[in-house]
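Hello,

Here is the structure I promised to pass on to you. Have a look at it first, and then read on for what turned up.

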Amino acid sequence: MKTKLFAVVVAVMVVFAATAYAATDPDTFVFVTFGQPDTLDPAECYDTASGEIIHQIYDNLIAYEGSSLDVLIPMLATEVPSVENGLISEDGTIVKFPIREGVKFHNGEVLTPEDVEYTFERNLLADPMGGPQLMFYEPLFGVHSLAQLVAKLGGPDSFESVEDLDAEIVRKVYEAVDAAIEVDGNYVVFKLAAPYGPFLNILAKGGSWGSILCKSWMIENGAWDGQPDTWPKYYQNAKESLAAYDKENGCGPFKLVTWDKATGQIILERFDDYWREPAKLARVVIKYIDEDSTRQLMLKTGEADAVVVNAQFLDQVRGIPGVEIVENLPRIANSVLIFNFNFPVEGNEAIVGSGKLDGNGVPSDFFADVHVRRAFNYAFDYAAYIEDVAMGLGFKPYGAAHQALPFIDKDIPWYDFDPDAAAEEFKKAFGGELWEKGFKLTLLYNSGNTQRMTAAQMLEYVIESINPKFQIDVQGMEWATYLDKLTTGSLPAFFMGWAMDFPDIHNFYVPFLHSKGTFAEPCMREFAKENFDALVEAGISATDPEERAAIYRELQQKVKDLAPCLFYYDAVDHRVHRDWVKGFVFNPAFSCNYDFYTVWKEVN
């Protein structure tokens, strides 16, 4: 114990030595968090740690006004497109952006419409595996990846290497991408496959994937050269080989000085030629320290201006003189238990037992019975979870999408905790056979995730108390194995969370309920296709807000009736910083903790 304490103290002293100027230097902001970025390339970035940095060094075409999710303002574009100003066509498929003149990149080059066109075409053709480009493939082409675009254009349904594609398909892919994003004088024009309500939200500041790159700098640093037949060389390359992996030439308010991966530190410097006006802060130091107690001590002593404090430790920093906690911020993310309607039995005996409805296991269609799904929803104690596990920081959901989003009908409540109602549903399942014979099932969570473990244990306790013939075992599984079994549809049920990519209800309904969605596809593809696909697609195609509201109201009620998942927690967020921090603006669409352009310090 003494050795560990000594090690922590030494670590803190080293950190303090590196950042001791923070408390007295009003021009420097020190933010301490954990988990280093994965990449600084907007084509690849799909994690919040990377988005934190990209937000500071790049700008987008448009932005949100303050904390709003529905008011957009111009940024690198001089107007926000609308039907009224003629920048969106009447049918909603043509979207034009007039590009601001005189904007400088960090190397002094001036932004042009060609930079904007190149940005999106390069990113689409690179389409890094697991990256965010699906958000553009859907509105532009009606598919979710370059591979699906290849198939749509007459190429193979699958291919081991893009190098195997023939020259005709290579050229067709380029021509399709090039036609979807074009330069027309000082305008950049996007041509959508169909009307797509949240297209502007996808492009707005806060989503790193909408960051604008400098074409000439990217090519000079080894990115795609813009030629029609060379893009396959850049498709799904390793992240470390991407041109902007750990360097940048954005036009945002800060420049990257260094990313020291060994010591876990990033330093940003103010860009004095920023097109709006220079930031108030001269520099930002971001340190990555896993030890929560170290971060708290840095906050207490003033060596850090802001730190990340996990919810379960907030009480430890309450009352510290000069520390401000901003709570109940709407973090648009949720937690869910997803049911698999047709999981494999063979080779899965450790989880599903006998694989039969005989009291010693569960059959492959266990969750295909709506009464089983409803029973699980009634058996979860939502209030206890939020109070005791989430420390009061969150809300019971209204269904698949976070309640902070537009088009949530709060007159359609989600299930309540009701063990008697759960028992009645269990009695109806499988024509009464389930109640008579019982079942045995293992609920898995990813090891180390204590919140998911507790959620599983809560279900175990309640369901086993309903009928002594019901048996649930709770076990942890390593994340890599858990994720593999999830994506291959091998688990009968799995706990998962989803944080929005862009603030639109569609971004929740697709992964959970569309047959091609991240979670629905491996677990309930045919069920989703029959019950939800048409409504999900209608919701995103509708351009009239009242029409969208009616569609999502119907969809929300259908989700409640059919209970395809157990949605149990809508998240909230918080920030912890010194009271000398001023100008903090929270927007749920931001992938960063702080927008350092708006922040300054008033140190006595």
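**Salt bridges**

The count comes to 22 salt bridges, where a salt bridge is a side-chain nitrogen of Lys or Arg within 4 Å of a carboxyl oxygen of Asp or Glu. Before the details, please note that this is a predicted model, in which local features need pLDDT of at least 70 and side-chain atom pairs count only at pLDDT 80 or more, while totals for chains, interfaces and linings use all residues. Residues are numbered from 1 along each chain as its sequence is written, and side-chain values use heavy atoms, with hydrogens and water left out.

One of the salt bridges joins R525 and E521, at 2.9 Å from N to O. Both residues lie in helix α18 (residues 520-531), 4 residues apart, or about one turn of the helix; helices here are DSSP runs (H or I, at least four residues), numbered from the N terminus. R525 is partly exposed at 39% relative accessibility, and E521 is partly exposed too, at 31%. For these labels, buried means under 20% relative accessible area, exposed over 50%, and partly exposed in between (1.4 Å probe, protein chains only). A network of salt bridges links E521, R525, E526 and K529.

K172 and E168 form another salt bridge, at 3.6 Å from N to O. They are 4 residues apart in helix α6 (residues 167-180), so about one helical turn separates them. Here E168 is exposed at 52% relative accessibility, whereas K172 is partly exposed at 32%.

**A covered helix**

In helix α4 (residues 134-141), 7 of the 8 residues are buried. Among them are M135, F136 and Y137. Just after α4 comes G142, with a positive phi of about 75°.

Of its 27 lining residues, I88, G197, L200, N201 and T543 are the closest to the centre. On a 1 Å grid over the protein atoms alone, a pocket is an open set of points with protein on both sides within 12 Å along at least five of seven lines, a cavity is a set where a 1.4 Å probe fits but cannot get out, and lining residues have an atom within 4 Å of a point. Grid points are joined across faces, edges and corners, and a volume is the space filled by probe spheres set on the points.

The structure also holds 1 cavity of 30 Å³ or more. The largest cavity has a volume of about 40 Å³, and its lining includes H55, Y58 and K205.

Enjoy exploring!

Note on methods: Helices (H or I, at least four residues) and strands (E, at least two) are DSSP runs, numbered from the N terminus.
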